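Work through these exercises with the model open beside you. Try each task before reading its solution.

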Amino acid sequence: MSKIIKLQTSDGEIFDVDVEVATCSGLIKTMLEVLGMDENDEEIVSLPNVSSAILKKVLEWTKYHKDDAPPPEVDEPTDKSSHEICSWDYNFLKVDQGTLFEIILAANYLDIKGLLVVTCKTVANMIKGKSPENIRKTFNIKKWFYTCIGREDA
Amino acid sequence: MDENMSKTLPDEILEIIFRSLAPYSDLRSCSLVCKQWNRVAKSTYRYGIDKLYSGLRGSALLQCTTQIHDIAPSRRSHVATCVVGDYLYAFGGSFVDDYRDYRAAFNDLWKMNLSSRKWERIIPTGQYPKPRFCANLVHHDGNLILYGGRMLHRSHSVLQGGIVLLSVPINEIHVFQMESCRWISDYRTLDIVPHISMYGVTEHKGMLVVTGGHIHSEAAIAENEHVWCYCIESGDWTKRDVEGPKPGPRRKHTQVKLDDDHLLLIGGVRIVRGTDNDGQPQNDCWMLDMSQPDWKWILMTVDRPAENSLLCSNHRGCKVGDNLVFLHPKCSMNIGGHRCGIIRVQRRRNPGLDALHLPHALEPHGIYRIPLEINNQNDRNVIRAQPDVNVNGRRGELCQDRTHTVRGVQPYPAVVRSYQFEKKEYFAYSLDLEEAIVKHTVRWRKSLPFWGDERLPVLGFSVDYGAGEIIVTGGLPLPCFQSRCDVDNRERSYFIAHKSVLS
């Protein structure tokens with residue numbers, strides 16, 4: 001009998017989510033620890049920065065990945081295993097740029113490290129091998145002239 | 001999407017994205033996109049370098065990433081390498097098979113694009129250098145200068161009853177012009193220049209300064225103590241007699257440039273008069289002061305001497321900012337942390353039995369350590385075979401099939417082999433050079449242990465420094481880990497950087 005927690009998005013929609021899935025988010029986990037979970041109460045956690053379409057995608061990712069080992073802390077020596085994106089994630093993130101950035105922002109806000117890392121890698125893959133002009137075209141950025149980095153180290 | 005992206009993604013997220021990029025051309029392209037990206041790209045670049053420095057000092061964790069290449073130079077050691085801009089150039093090298101029966105030297109030139117981590121072969125025109133190894137490549141003004149090294153030479157030996165392959169040092173100089181992709185040979189003053197390999201060389205003010213090295217003849221050993229200078233413009237070689245105490249004759253030492261007037265030399269192996277074998281490994285550190293017209297060698301005070309006497313005698317050090325870095329496995333007595341058996345192995349005529357040759361620099365007395373068989377349920381890449389059965393003294397053959405377990409008694413003796421490639425702990429020892437020029441002191445520091453592929457080479461590998469990462473290429477792993485036991489035979493290179501750098 002797993003507990004259900006209710007998440008309310010910026011457009012007012014309420015999602016019923018397993019606590020196990022919801023606590024993949026560091027933000028929700030901290031909130032629950034601080035506020036405490038009462039069995040009888042129906043807790044509604046409000047997420048004003050996340051729209052319902054994006055929360056749907058985020059929940060889909062966390063449901064699939066909820067049994068993953070948590071990403072290692074920075075200070076532990078670990079086996080640097082493949083830093084490739086797995087095929088499920090790759091297909092999952094075949095969305096338009098706007099949605100991708102919204103997912104990144106949501107993952108950052110909700111503190112879901114695994115999702116943040118994989119989405120950022122996706123964006124990095126979109127940047128690799130491109131000239132600055134191509135990058136601007138891809139991401140629709142206004143042009144700016146500036147000095148570039150060099151080999152500053154001795 | 002019509003909105004300006006830079007307004008939607010905050011700096012901290014851009015930094016996570018940039019850390020997934022290699023710190024070369026991709027990051028440079030990002031810094032040219034817009035003002036915000038420029039700011040974040042510069043800070044990411046600096047972050048990678050600073051974190052590597054703190055990793056070397058022992059206050060942060062390093063990690064070693066293995067990059068598997070589909071196209072790469074064939075397995076070889078003692079390659080001459082040089083990092084220029086976004087590329088790592090590699091020339092030549094030698095390959096020795098396990099039984100030392102087959103040996104080859106190369107003269108191909110490759111470059112690795114450090115952004116994409118892919119090797120490309122360069123096909124230059126011009127006068128190709130002879131195939132060689134143990135040489136050095138120095139970059140100067142758009143040219144790569146290749147000097148000396150050893151090449152293989154066929155000679156007839158009455159005692160050994162046939163043709164033998166000797167390695168002899170050479171003294172030719174070749175210059176590779178990067179712009180026009182041509183090799184040019186410099187024949188100008190070859191008659192006076194010594195034939196040396198395993199020397200140290202650095203470039204100072206348009207001049208190559210060469211110290212030490214393995215010189216072949218008895219008389220030439222005295223030459224080893226001099227410093228040779230090659231003026232790149234004019235092609236003149238001069239021998240400098242440096243007065244006062246100087247480092248003894250040595251080779252395989254590491255020489256680095258401190259600035260235009262100072263170079264540092266450390267470690268190496270003493271050359272013993274009259275013999276061709278490796279002498280004593282040495283740990284002393286000298287600096288050559290070239291600021292005055294009369295040059296002077298200064299013996300440096302080494303603070304906290306290195307724990308391992310073999311550290312600077314066989315391994316090449318790499319200059320990372322103000323540090324000179326040497327990589328070393330955590331425990332040189334164990335092989336990969338397995339339980340090790342200590343056995344005495346002799347070479348026998350029957351090739352079916354394993355004859356392990358460890359290079360005499362590491363194990364001169366014939367005691368070898370090999371991993372024992374590990375019975376692990378979760379083995380991957382493990383080849384299990386029955387113990388060697390020397391059936392009636394029949395000549396055996398190596399077990400070629402690596403894809404499934406081999407059971408039962410083979411009609412020919414099979415190889416006793418059971419390896420599981422695991423992670424092994426390494427240290428990065430760094431010599432702090434900050435106070436070298438002013439106070440004549442250097443200090444050893446040890447990093448925290450980091451995990452790396454067990455197959456990280458231990459012999460003849462090349463270490464170079466890219467932007468915020470240390471690159472290990474080439475080299476041969478310990479003989480017992482040679483390719484025939486490796487299901488995946490592709491070439492690898494290793495990148496050591498701070499843990500949080502994701503690429």
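**Exercise 1. Which pattern does chain A follow, read along the sequence?**

Solution. The model is predicted: local features need pLDDT of at least 70, side-chain atom pairs count only at pLDDT 80 or more, and totals for chains, interfaces and linings use all residues. Residues are numbered from 1 along each chain as its sequence is written, chains are lettered from A and ligands numbered from 1 in the order in which they are written, and side-chain values use heavy atoms, without hydrogens and water.

Step 1. Take the elements as DSSP runs, numbered from the N terminus: helices are H or I with at least four residues, strands are E with at least two.
Step 2. Count them: chain A has 7 helices and 3 strands.
Step 3. Read them in order: β-β-α-α-β-α-α-α-α-α.
Step 4. Of the 154 residues in chain A, 36% are buried.
Step 5. Among contacts in chain A with a separation of 6 or more, 62% join residues 24 or more positions apart.

**Exercise 2. Check the span of helix 3 of chain A, then find what its buried residues pack against.**

Solution. 
Step 1. The expected span is 1.5 Å times one less than the number of residues.
Step 2. Helix 3 (residues 52-65) of chain A has 14 residues, so it should span 20 Å; its end C-alpha atoms are 20 Å apart, which agrees.
Step 3. List the buried positions of helix 3 of chain A: A:Ser52, A:Ile54, A:Leu55, A:Val58, A:Leu59, A:Trp61, A:Thr62 and A:His65.
Step 4. These buried residues pack against strand 1 (4-8), strand 2 (14-18), helix 1 (19-22), helix 4 (87-92), helix 5 and helix 6 of chain A.

**Exercise 3. Describe how helix 5 and helix 6 of chain A cross.**

Solution. 
Step 1. Axes are lines fitted to C-alpha atoms, for helices over the stretch in contact; angles run from 0 to 180 degrees between N-to-C directions.
Step 2. The axes of helix 5 (residues 97-110) and helix 6 (residues 113-127) of chain A come within 9 Å and cross at roughly 145°.
Step 3. Assign the hand. A crossing is left-handed if the near helix is turned anticlockwise from the far one by less than a right angle, right-handed if clockwise. The crossing of helix 5 and helix 6 of chain A is left-handed.
Step 4. Name the partners. Helix 5 of chain A contributes residues including A:Leu100, A:Phe101 and A:Ile104, and helix 6 of chain A contributes residues including A:Leu116, A:Thr119 and A:Val123.
Step 5. Sort the contact residues. Ala, Val, Leu, Ile, Met, Phe, Trp, Tyr, Cys and Pro count as nonpolar, Asp, Glu, Lys and Arg as charged, and the others, Gly among them, as polar. The contact of helix 5 with helix 6 of chain A has 10 nonpolar, 4 polar and no charged residues.

**Exercise 4. What is the strand order in the open sheet of 4 strands in chain B, and which strands stand at its edges?**

Solution. 
Step 1. Two strands pair if DSSP finds at least two bridges between them.
Step 2. The order is 14-15-17-18, with antiparallel pairing.
Step 3. Strand 14 (200-204) and strand 18 (237-240) of chain B stand at the edges. Each has a single partner strand, so one side of each is left without a neighbour in the sheet.
Step 4. The twist averages 25° from one strand to the next.
Step 5. Strand 15 (residues 207-211) and strand 17 (residues 227-231) of chain B pair over 5 bridges in the antiparallel sense. B:Leu208 stands opposite B:Tyr230 in strand 17 of chain B.

**Exercise 5. Is B:Leu109 buried or exposed, and which residues does B:Leu109 touch?**

Solution. 
Step 1. B:Leu109 lies in strand 4 (residues 103-113) of chain B.
Step 2. Its relative accessibility is 1%, so B:Leu109 counts as buried.
Step 3. Leaving out residues up to four places away in sequence, B:Leu109 touches B:Ala90, B:Phe91, B:Arg121, B:Ile122, B:Pro124, B:Phe176 and B:Trp183.

**Exercise 6. Where does B:Arg117 lie, and what is its phi?**

Solution. 
Step 1. B:Arg117 is in the loop between strand 4 and strand 5 (118-122) of chain B.
Step 2. B:Arg117 is not a glycine, yet has a positive phi of about 60°.
Step 3. B:Arg117 counts as buried because its relative accessibility is 8%.

Notes: Contact = heavy atoms within 4.5 Å. Buried < 20%, exposed > 50% of the residue type's maximum accessible area, 1.4 Å probe, protein only.
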